[in-house]
Amino acid sequence: MRRNIVHPGAGQLKYEIREIVAFARELNRWNIPIIWENIGDPVKKGEIVADWIKAIVMKKAGEDLSYAYTETEGARESREFLADRVNKRKKLLPGAPGGSALSLPDPVAIGAEDILFFNGLGDAVAKVFGFLRREARVLGPSPAYSTLSSAEAAHSGYEHLTYRLDPQKNWMPDIEDVELKVRYNDSIAGLLLINPDNPTGAVYPVEVLLEFVRIARTYGLFIACDETYANIIYGGAQTAALSQVIGDVPGFGLRSLSKEIPWPGARCGWVEVYNRKADHRFDLYIRSLVDAKRLEVCSTSLPQLCIPPILGDPRYEDHLRRRAALFEGRAEEAYQAFTGIEGISMVKPRGALYATAVFSGESWEDEAKSRARSLPVSDPSLRDFISAKTAEVAPDKQFVYWLLASTGVCVVPLSGFATDLPGFRFTLLEHDDEKRRRIYKTIAEAAGAYLCSA
Ligand SMILES: Cc1ncc(COP(=O)(O)O)c(C=O)c1O
């Protein structure tokens with residue numbers, strides 16, 4: 001070709017959560033039944049969608065307007081409904097649960113025009129980064145959900161810029177790291193956080209959120225907060241929505257139907273924009289997101305139209321409470337399975353749908369041992385296949401390959417989440433209680449055996 005047609009960011013598009021699937025499928029040749037612990041799809045893992053929710057969707061599917069386009073920004077009644085919910089978020093009180101000793105701003109008030117629908121947050125993330133000026137960088141967490149880190153890296157053409165989440169401190173963000181990076185890198189235009197976090201399951205206290213707001217205000221940045229799991233919080237964790245702490249700083253929250261109805265196949269997510277008019281350039285940037293959506297006409301109508309009747313139903317709060325309690329129990333099970341295993345640590349998740357285990361200690365860091373570790377695989381041809389495949393991958397991915405071959409359980413290496421920390425993520429989603437406990441036991445025992453294998 002006479003011109004190079006490859007985007008400078010093309011090499012940055014990594015999504016290990018699904019890439020590992022291609023590898024797992026290669027094991028079909030050995031008839032290994034795979035237990036998918038990689039993808040966060042509650043429905044695929046056996047959750048039954050509540051009958052009353054299905055009834056609402058069926059009724060909406062019977063209405064002609066569900067088959068029509070919506071306005072570009074999304075169905076007006078759904079945007080009004082969601083803006084109203086943002087405006088009803090309470091002011092946090094100093095000293096109250098979820099509050100802080102610090103002074104707290106009033107929650108922001110928004111209108112329907114501040115809500116913009118997308119075909120899932122995956123689409124929103126592609127636009128949010130795709131229409132950001134190339135040299136304007138967004139500092140995000142490490143580890144990070146790879147859709148976000150990859151999109152930021154691809155937009156800039158460089159590696160994603162990250163701040164550290166510290167596993168020794170319950171995966172809390174290293175605020176000093178955030179501030180130093182912002183101070184000494186003036187290409188940083190925005191801060192990204194995921195609360196509750198994927199993959200770590202951390203939930204950020206209000207004090208931490210206020211620190212992000214302080215840094216954004218001091219250095220003239222916007223804040224993006226992925227709140228996909230805002231309604232999946234448990235274990236007594238206290239936090240707030242970005243809209244409750246952001247004050248007058250420009251920013252946006254990212255929300256989705258995927259995990260809390262759950263309805264990932266709806267491909268329905270939205271951006272809630274705060275303080276759009278506080279900065280002229282922020283306003284122009286948000287306008288460019290709407291213009292980009294206009295080229296596509298609009299996002300899928302049916303799930304948007306189901307939002308007011310589902311989220312506004314008196315049964316919805318109870319539905320959220322029941323699910324949070326369910327995941328709390330599973331987080332405890334996962335945590336117990338890993339307790340006492342030398343060389344591996346896990347912070348008990350307090351939100352979202354995942355647990356992350358980290359390898360550490362001298363044994364893990366011994367380079368020579370790294371290549372010699374394995375798990376029992378009886379078929380010699382499969383053993384040779386895995387040995388060859390592990391030769392050039394990150395040490396935690398080697399474990400993931402051996403785990404697949406030895407047990408059929410498919411987890412995601414932590415190195416696929418924009419971090420140098422070695423470990424892996426699995427889900428809290430398996431609905432069959434006995435099977436789930438067996439899976440956790442299998443993974444934990446395999447991790448322990450792997451560490452002792454060299
Ligand atoms: C933190 C986070 N953001 C965004 C998404 C994407 O959600 P959606 O299904 O709305 O595209 C996910 C999905 O797992 C996620 O974990």
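**Close-up views of a predicted model**

**View 1. Arg 267 in the loop between β8 and β9.** Arg 267 lies in the loop between β8 (251-256) and β9 (269-274), and the model in which it is shown here, as in every other view, is a predicted one. The phi angle of Arg 267 is near 50°, which is a positive value in a residue other than glycine.

**View 2. Asn 275 in the loop between β9 and α9.** Asn 275 is found in the loop that runs between β9 and α9 (280-295), and its phi is positive, at about 55°, although Asn 275 is not a glycine. Is Asn 275 buried or exposed? Asn 275 is buried, because 21 other C-beta atoms lie within 10 Å, and the limit for a buried residue is 20 or more.

View 3. Pro 196 has its place in the loop between β6 (188-194) and α7 (206-219), and the peptide bond that joins Asn 195 to Pro 196 is cis, with an omega of about -10°. Pro 199 is likewise found in the loop between β6 and α7, where a cis peptide bond joins Asn 198 and Pro 199, with omega at about 20°.

**View 4. The shell of residues around the ligand.** There are 14 residues around the ligand, and of these Gly 120, Leu 121, Gly 122, Ser 256 and Ser 258 come nearest. Helix α4 (residues 120-130) provides the largest share of this shell, with three residues. Sorted by class, the shell around the ligand holds four nonpolar residues, nine polar residues and one charged residue.

View 5. Four strands, in the order β10-β11-β14-β13, form an open sheet in which the pairing is antiparallel. The strands β10 (344-346) and β13 (412-413) stand at the edges and have a single partner strand each, so one side of each is left without a neighbour in the sheet. Between β13 and strand β14 (residues 423-427) the antiparallel pairing extends over two bridges, and Val 412 stands opposite Arg 425 in β14. Helix α15 (residues 395-407) packs on the sheet and touches β11 (354-359), β13 and β14, while the direction of helix α15 makes about 45° with that of β14.

**View 6. The two domains and the side of domain 1 that touches domain 2.** The protein chain is divided into domain 1, which covers 10-46 + 318-452, and domain 2, which covers 51-311. The centres of domain 1 and domain 2, taken over C-alpha atoms, are separated by 28 Å, and 36 residues of domain 1 are in contact with 33 residues of domain 2. On the side of domain 1 that touches domain 2, at least two residues each are supplied by α1 (16-26), α11 (316-338) and β11. Which element gives the most to this side of domain 1? The element is α11, which contributes seven residues to the side that touches domain 2. By class, the residues of this side of domain 1 divide into 21 nonpolar, seven polar and eight charged.

Technical notes
Residues numbered from 1 in each chain as written. Predicted model: local features only at pLDDT ≥ 70, side-chain atom pairs only at ≥ 80, totals over all residues. Near = placed C-beta within 6 Å. Nonpolar A, V, L, I, M, F, W, Y, C, P; charged D, E, K, R; others polar. Pairing = 2+ DSSP bridges. Contact = placed C-beta atoms within 7 Å. Axes fitted to C-alpha atoms, helices over the stretch in contact; angles between N-to-C directions. Buried ≥ 20, exposed ≤ 12 C-beta atoms within 10 Å, placed from the backbone. Domains from an automatic or database assignment.
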